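Please keep the structure open as you read.

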Amino acid sequence: MPVSKSYESQIFVIRFTKICDFVMVNFDLCFRHSPLFAAIVDETCICCDINTVWREYLGLPATDDAVSYPFEALFNRQNDTALTRQITHVIQNGAAMNGRAVSLCRQESEQSDGATAGLQGMLSAWRVKQAGGMRYYALLVFTETSEYSRAVAKLKQLQKTHELILNAVGEGIYGVDARGNTTFVNEAATQILGWRAEDVIGKSLHDIHHHSYPDGRPYPSSECPIYRAFTDGDIHRGDDEFFWRTDGTPVPVEYTSTPIRENGELKGAVVVYRDITERRKNEQQREAAYLEIKKLKELLERERDYLRDEINITANFGEIIGESQALMRTLAQIEAVARTSTSVLILGESGVGKEMIARAIHANSSRADKPLVKVNCASVPKELFESEFFGHVRGSFTGAHRDRVGRLHLADGGTLFLDEVGEIPLDLQGKLLRALQEQEFERVGDDKTIKVDVRIVAATNRDLKAEVEAGRFRMDLYYRLSIFPVEVPPLRQRIDDIGPLAMQFLKNICQEFGREPLKLTRQQLDQLSSYDWPGNIRELKNIIERAVILTNGQRLRLDLAMPDHIRRNRPAGQLSAKPVEKTKLLTDADFREQEKMNMIAVLKSTNWRISGADGAAELLGVKPSTLAYRMKIFRINKADYL
Ligand SMILES: Nc1ncnc2c1ncn2[C@@H]1O[C@H](COP(=O)(O)OP(=O)(O)OP(=O)(O)O)[C@@H](O)[C@H]1O
């Protein structure tokens, strides 16, 4: 019977009696099948019994038989003396020996190559008594530590690898426990914010770098999404927040705070974040570029719209022609005022060249490279005035299908020419005055204020003062506009200008019609100079054009609206559809009608032959293509006259 079966283990009894009053412990069973190395030695340090694990290790047969094994054969020799003394002490005095580092012997190795190295571990010993006997023994329990050490080393290696990985990551990583204290920080986190591990480990993560909003307002930790991850267990993300650097500057970041769970319990969170300063900068640059493009697009659209409106008008303006004293005085005034930003009010009868003067003022000002924008106040429907001046946003009124830029905005940096300014409706005059004074306004349907820098040049053929007295024009607007009035004299007061103007018009019109240049005779010039010119320069231009049309050959034929004394000199055989009425002034419509009738008469006389010798085109002195074009414009169809 193995010795061990007859022993009472004080240790086992002590341990188990803590759980219940009495537990029958089958000592032998425990001894034999313990996963630890166990042996019984007597006071002479002879091993009397040895358990299965140890037996296997020593290569002994796995029986229950007692052994008589020399103590030295169990352990390495260097342990012998001291260890033997300690074991003897345990048996004699009953004091336990706890955790002495030893290494086991491996009999087989010793036999083969004399090596003594075996398992490393801790040896503990307790005194046990033989049941019913008086002899004491020592129960030895050996715990192998090399596996444990290897596991610890492996764990450390694993930890190091993880740390290396985490440190190699470009994103900042923080670990926080369930109280919000920092447990881990990687190198990127330190690089981004400057906080070193020793600054943050064990301290509140939020208090260190998430404590305030960028504008300095406090950011309570109760509102912190990072912390919320370990209270509500959800992943929280932020892409519009700031962390604070050690130097007190904020860094824009995007982050993810992921909860950490252990056995279902929230233990903290891991925060991964990245510095998005560059991205922000790029976004801002993109945004700025986009706004710039939008602005340029808007500007282009404005210019396009304006050019569409103006294309015909601008083509008609050449240089100011004239040499009369009256015109020279006007030009001197223009020269004086052009370079300033003063408002100019151009006064004069219809057709005296007020618009030309306005354009000359703009062209001679420092704003010349900016737009001159014209509003013909007489042609704007009353209900559209506001939109015309200030613009509107889409949907601000019925028919406002898209945003529209107002003329004031278009003229920003340049000049706004208010032609026929006396026609502005009274109820809009106040708003316009405010905009002109403040140099700011809002589009219809918009509350955003637009600031501009606009010079005003206005023109009228009305007596504006009389309009003010009659209550049709606001006095304050009148004074605002008429800081510098320029009077353009009528043609009848500029007799000296008639010749140069007539010659220039004749040259231009001949060129335009593609025919040989014609000349005005001295007599014709005298005739023109003695005319009253109620329609002023526009009328002069019309008469010259009409004369060119009627001319067949080399001699210019002044006709139609000429005064009686001129008309008396008209050559016989002049083609005319109907006799010209005895009137000094022809309206444009009258003139067009006469032109049409003349054309029809000529066409009839050539039996509707347009080109060739004695064709209608030749008779009229124009190219066949010009005549064909004009027939189309006047809707003259042969079929209607057969
Ligand atoms: N000094 C000038 N030299 C050359 N052409 C001129 C001159 N003055 C006026 N004109 C021509 O006469 C026509 C009428 O001129 P403009 O439109 O400037 O007159 P206005 O006074 O503004 O007329 P309205 O009062 O009808 O608006 C235009 O075709 C213009 O080119």
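## Overall make-up

Helices (H or I, at least four residues) and strands (E, at least two) are taken here as DSSP runs, numbered from the N terminus. Counted that way, the chain has 25 helices and 21 strands. Please bear in mind that this is a predicted model.

The chain has 642 residues, and 30% of them are buried. Among contacts with a separation of 6 or more, 59% join residues 24 or more positions apart.

## Around the ligand

Let us turn to the ligand. Its shell is made of 21 residues, and the closest are I321, G353, K354, E355 and I537.

Looking at helices, α13 (354–363) and α21 (536–550) each contribute at least two.

## The largest core and α21

The largest nonpolar core contains 68 residues, and I346, L416 and L540 have the most contacts inside it. Its largest share comes from α21, with eight residues.

Is α21 enclosed or open? Of its 15 residues, 13 are buried, so the rest of the structure largely encloses this helix. Its length fits expectation too: the end C-alpha atoms are 21 Å apart, and at 1.5 Å a residue the 15 residues should span 21 Å.

L540 is one of the residues with the most contacts inside the largest core. Leaving out residues up to four places away in sequence, L540 touches L491, I498, L501, A502, F505 and W533.

L416 sits in strand β17 (residues 415–419). Why does L416 count as buried? It has 24 C-beta neighbours inside 10 Å, and 20 or more is the cut-off for a buried residue. Beyond its neighbours within four places in sequence, L416 is in contact with V373, V375, R407, L408, A411, V454 and I456. The C-alpha atom of L416 is also 9.9 Å from that of S343, although the two residues are 73 apart along the chain.

## An uncovered helix

How many residues of α6 are buried? The count is zero among its 23 residues, and this helix is hardly covered. Helix α6 (residues 146–168) reaches 32 Å from its first C-alpha to its last, close to the 33 Å expected at 1.5 Å a residue.

## Two loop residues with positive phi

C45 lies in the loop between β2 (37–41) and β3 (46–50). Its phi is near 60°, a positive value in a residue other than glycine. C45 has 18 C-beta neighbours inside 10 Å, so it counts as partly exposed.

N607 belongs to the loop between α23 (588–605) and α24 (616–620). Phi of N607 is positive as well, near 55°, and this residue is likewise not a glycine. N607 is exposed, because 9 other C-beta atoms lie within 10 Å and the limit for an exposed residue is 12 or fewer.

Note on methods:
Residues are numbered from 1 along each chain as its sequence is written. This is a predicted model: local features need pLDDT of at least 70, side-chain atom pairs count only at pLDDT 80 or more; totals for chains, interfaces and linings use all residues. A residue is near a molecule or strand if its C-beta atom, placed from the backbone, lies within 6 Å of it. The expected span of a helix is 1.5 Å times one less than its number of residues. Two residues are in contact if their C-beta atoms, placed from the backbone, lie within 7 Å. A nonpolar core is a set of buried Ala, Val, Leu, Ile, Met, Phe, Trp, Tyr and Cys residues joined through C-beta atoms within 7 Å.
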